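Subject: Structure handover and findings

Dear colleague,

Please find below the structure that I am passing on to you. I would be grateful if you would read the notes that accompany it.

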Amino acid sequence: MDLSKIIRADRVDLNISAKNKDDAIKSLAHLLYESGALYDEQKYLEDVFEREKVSATGIGNGIAIPHGKSVAVKETSAAIGRVCENLNWESIDDEPIKFIVLLAVNDSDKNTSHVKLLSQMARKLASNEVCKRLISAKTREEIVEIFSE
């Protein structure tokens with residue numbers, strides 16, 4: 001699965017006013033629900049929060065990739081957000097988070113697409129230059145373009 005196929009401009013919010021990790025995840029899950037990617041927003045959130053208990057999803061450089069595999073996901077997709085204020089988040093570099101990619105993986109894709117998506121996302125976000133561009137992007141379309149390169 002290609003990152004550019006799961007990232008859409010209507011699932012990007014560059015001004016999330018969340019005060020904590022849970023609120024940021026809820027805001028992005030709502031984007032997924034509103035855009036038709038989820039059957040059940042609450043069930044999906046339960047699965048994401050359960051996954052959050054397993055290990056840190058902050059990957060460094062101010063970026064987190066929370067994710068959930070769930071029967072509540074209609075289509076494997078992603079919601080992307082930038083928070084107005086840095087958030088405390090369990091992260092491998094112990095730094096706050098500014099940019100979040102919430103992955104929603106359809107239960108039927110959990111053994112095939114899930115690992116590939118995480119791997120592609122991690123490779124893309126391993127670039128300090130890409131991270132800087134994402135954090136400073138001005139438009140939703142710019143975010144989509146960065147992930148499509």
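Please bear in mind that the model is predicted. The protein has an average pLDDT of 89, and 95% of the residues score at least 70. Among its elements, the highest mean pLDDT, 96, belongs to helix H2 (residues 21-34), and the lowest, 75, to helix H4 (residues 113-125).

Helix H3 spans residues 41-52, twelve residues in total. From its first C-alpha to its last it reaches 16 Å, close to the 16 Å expected at 1.5 Å a residue. Glu41, Tyr44, Leu45, Asp47, Val48 and Glu52 of H3 are buried. Viewed down the axis of H3, these buried residues fall within an arc of 160°, so they line one face of the helix. Their packing partners are H2, strand E4 (67-70) and E6. At the start of H3, the backbone nitrogen of Gln42 has a side-chain oxygen of Asp40 within 3.1 Å.

Two residues deserve a remark on backbone geometry. Most residues other than glycine have a negative phi. Asn61, although not a glycine, has a positive phi of about 60°. Asn61 lies in the loop between strand E2 (58-60) and strand E3 (63-64), and its relative accessibility of 37% makes it partly exposed. Asp94, also a residue other than glycine, has a positive phi near 60°. Asp94 sits in the loop between strand E5 (77-87) and strand E6 (97-106), and is exposed, with a relative accessible area of 68%.

Yours sincerely

Definitions and conventions: Residues are numbered from 1 along each chain as its sequence is written. This is a predicted model: local features need pLDDT of at least 70, side-chain atom pairs count only at pLDDT 80 or more; totals for chains, interfaces and linings use all residues. Side-chain values use heavy atoms; hydrogens and water are left out. pLDDT is the predictor's confidence in each residue, from 0 to 100. Helices (H or I, at least four residues) and strands (E, at least two) are DSSP runs, numbered from the N terminus. Buried means under 20% relative accessible area, exposed over 50%, partly exposed in between (1.4 Å probe, protein chains only). The expected span of a helix is 1.5 Å times one less than its number of residues. The arc is that of the directions from the helix axis to the C-beta atoms. Contact means heavy atoms within 4.5 Å. A polar contact is a pair of N or O atoms within 3.5 Å; within protein, one must be able to donate a hydrogen and the other to accept it, and residues adjacent in sequence count only if both atoms are side-chain atoms.
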